[in-house]
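Here is a short report for a first look at this structure. Please keep the sequence and the 3D view at hand while reading.

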Amino acid sequence: MADAQAVSVAGGFAYVRGEPAPALPPPFASTGFLGWCRANLFGTPFNAVLTVLTVLLLAWVVPPLVRFLLIDAVWTGADRQACLESAAHPNVGACWAFVREHLAYFTYGSYPIDGRWRVDLFFIMLAVGIGWLLWLDAPRRDLGALYFFGIFPIVSFFLLYGLPPLGLEVVDTSRWGGMLITLVVAVVGIVTSMPLGILLALGRRSRMPAVKTLSVIFIEFVRGVPLITVLFMASVMLPLFLPQEYSPDKLVRALVGVSLFSAAYMAEVVRAGLQAIPKGQWEAASALGLGYWRTLHLVVLPQALRITIPNILNSYVALFKDTTLVFFVGIFDFLKTIETARANPLWATPVTSASGYAFAALVYFVCCYSMSRYAAGVERRLAVGDRR
Amino acid sequence: MTLGAESGPPKIPLLRDPRFRALVIQVALCAALAWIAYELEEEVRANLVRNHLSSGFGFWSQPAGFDISQALIDYSSSASTYGRAFWVGLVNTLVVAAIGIVLATIVGFVAGIAQLSSNWLVARLAAGYVQLIRNIPLLLQLLFWYNAVLKTLPGFRDSIALWGGGYLNNRGLYLPAPDLNGNGLPIFAAFCLGLVGAIVLAMLARRQRLGVGLAAGAGLVLVLGLPFAAFVATGATFAFEYPEMSRFNLRGGLEVLPEFVALLAGLVIYTGAFIAETVRAGLMAVPRGQTEAAQALGLSRLLTLRRVIVPQAMRVIIPPLTSQYLNLTKNSSLAVAIGYPDLVQIFTGTVLNQTGNAVEIVAITMAVYLVISLVTSFAMNIYNARMALAER
């Protein structure tokens, strides 16, 4: 068929081509690695200059960094001698031996050594809760939410603080420290800010003027001041506000401050979600005879919270970074234990500080970056559902 | 029962009437809050008496008696009051915030635009910077800059000489100071006057729909010309005072505290990363069709950017940008960790420890930040109302 057509188009002339010419291979410089470089690195003279400058910058920064962190790093050693410059080690990089030596301190603080299994159990329970909630196809995620926001905090409290009838000795919070405190502050902030934030967001959108005004005042007040002043207020003023016999412990004061602070930010995140729900949803629920709370529970919140999940997670990332500020009210969180260990004279070397900070930065980065990647993933997944 | 009564709205039992319920809830809420406030006040009074703490604002005019390492307004430990110390701290906070905002904006815009660059390497590098910095707590970064970078710099004898005659060592940064032999104030005033004039001119030009280019030219003349005229009129001479190495320290020039350098570096790099994301989001919010339409109309690349892309992107960028500026100002309170004498360090730190007036001092500090935030968001609302798209 094709041949016959070609002949008819060509009109029988031998010198007229009857079929398309075979495609030439693309020019050498537009394919493969070279073509990619030309398109992405040297497209214009300006881009070429930028590329050269960037390469120079990287060549200036990256090799010394790699040498410091890996090649010249000291991995083992019992004290500062290992990390000092000597004939055997003319160039000393990061002192990872220091981090190894203090790893238990960075994790548990001064928690009694024979009670550390309790902290480990807390970490495992936390991991289970987080995994259950974050794995979107996990079975019974409603139970997971109940576990994370209800059972887990209560069990953890008795596990960590102690319950003498069950044989768990009381461990005063002044002995808690390190990653344990960081996670406790973050979890308490997450668990309390969610319901408080939802209530405040509803209050702000309420038609009752008194409720609305009070919510707005609280939210704008807390969002207008730095967290550090909220923590100062909690740590200096809470004891003044309460009778002496109930004077709360230092950690509890900081937790109150962090919770109130993150609740105000959470309220704004939730409010954005509530605003995205069309009015028709409320009206339809009313028409079906649902009351205010049932409308919220069955119609509005499931939709509003679903679209706000990425923003909620991002505000959790911010909260996790903000936990470092409990440092200022004398609580030994992860960063504070690094600061304390850094000053340990047994390990005083010129590279100790940089090593400690590099380790802390790595830990915070891994936690926060994975959380924000997850949030971005959820956002993409939601976008797929809404695509038409 | 008459017909008239039936045609009225159906009678709702009082307990099911939403208006009545709302009233009860609000009255109960207010009453509860008032009761809590009353109880708290009683308790605070009792606790203050029990702990022998003073209260009231009497401390404001008492002598402070402590030194402040950076005082830009007159202050001395022997003669100044706690009130004066408050102002010193506030000025220090505002100075670091103002310089930080300018530098963070530059860093943020460069990194934000670089993230969208067609150059793969530049885009990756900018994205790497943003991701790395955003995911590490600011406090850790400040401690790193101060303890691991600035404190490990060489001592003053081995100061690093900077290009242009400055020095950097572990005691701080020493820069050449512009010296106008005492005529700085009138020249600075002339500069401010020129700036105000240029802004007014630009606003007038916009209102009259005159060529904005003309206004920009005239504005430039005002901004540069007025100070120059003042410079000539006052007979000032211009020179730099360079820091000089003496036996025990560096003398002369502009001495910048290492705490200030560390705080500024941390704030600028941290906030710059957030501004970069804001800028990227803003530029990406302008639909591609806008660029194509501008090109179809024959606008040059520069004109496309100036007249089409940037005005639309700015509408998206400015509100989050303002909140980043506020964040930077609030985050400057972390100065406490490295000992830069800002408002929180001086006032909620030293003054609180010396006087013990916790309630008043924390309240004043919060009020300062609150006023800054509220004024900014008020200005923001006005701007938003003016910039909002005119819809039906």
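## Domains of chain B

In this predicted model, 40 Å separates the C-alpha centres of domain 1 of chain B and domain 2 of chain B. Domain 1 covers residues 13-50. Domain 2 is made of two stretches, 82-154 and 260-387.

## Where chain A touches chain B

Chain A gives 43 residues to the contact, and chain B gives 44 residues. On the side of chain A, the elements that supply two or more residues are helix 3, helix 8 (209-224), helix 9 (227-241), helix 13 (334-342) and helix 14 (352-386). Helix 14 of chain A has the largest share, with ten residues.

By class, this side of chain A holds 30 nonpolar residues. Another eleven are polar, and two are charged.

## One helix pair across the contact

Which residues meet here? From helix 3 of chain A come A:Leu50, A:Thr51 and A:Thr54. They meet B:Leu121, B:Val122 and B:Leu125 in helix 4 of chain B. In this helix contact, four residues are nonpolar, two are polar and none is charged.

Key: Residues numbered from 1 in each chain as written. Chains lettered and ligands numbered in written order. Predicted model: local features only at pLDDT ≥ 70, side-chain atom pairs only at ≥ 80, totals over all residues. Domains from an automatic or database assignment. Contact = placed C-beta atoms within 7 Å. Helix = DSSP H or I, 4+ residues; strand = E, 2+ residues; numbered from the N terminus. Nonpolar A, V, L, I, M, F, W, Y, C, P; charged D, E, K, R; others polar.
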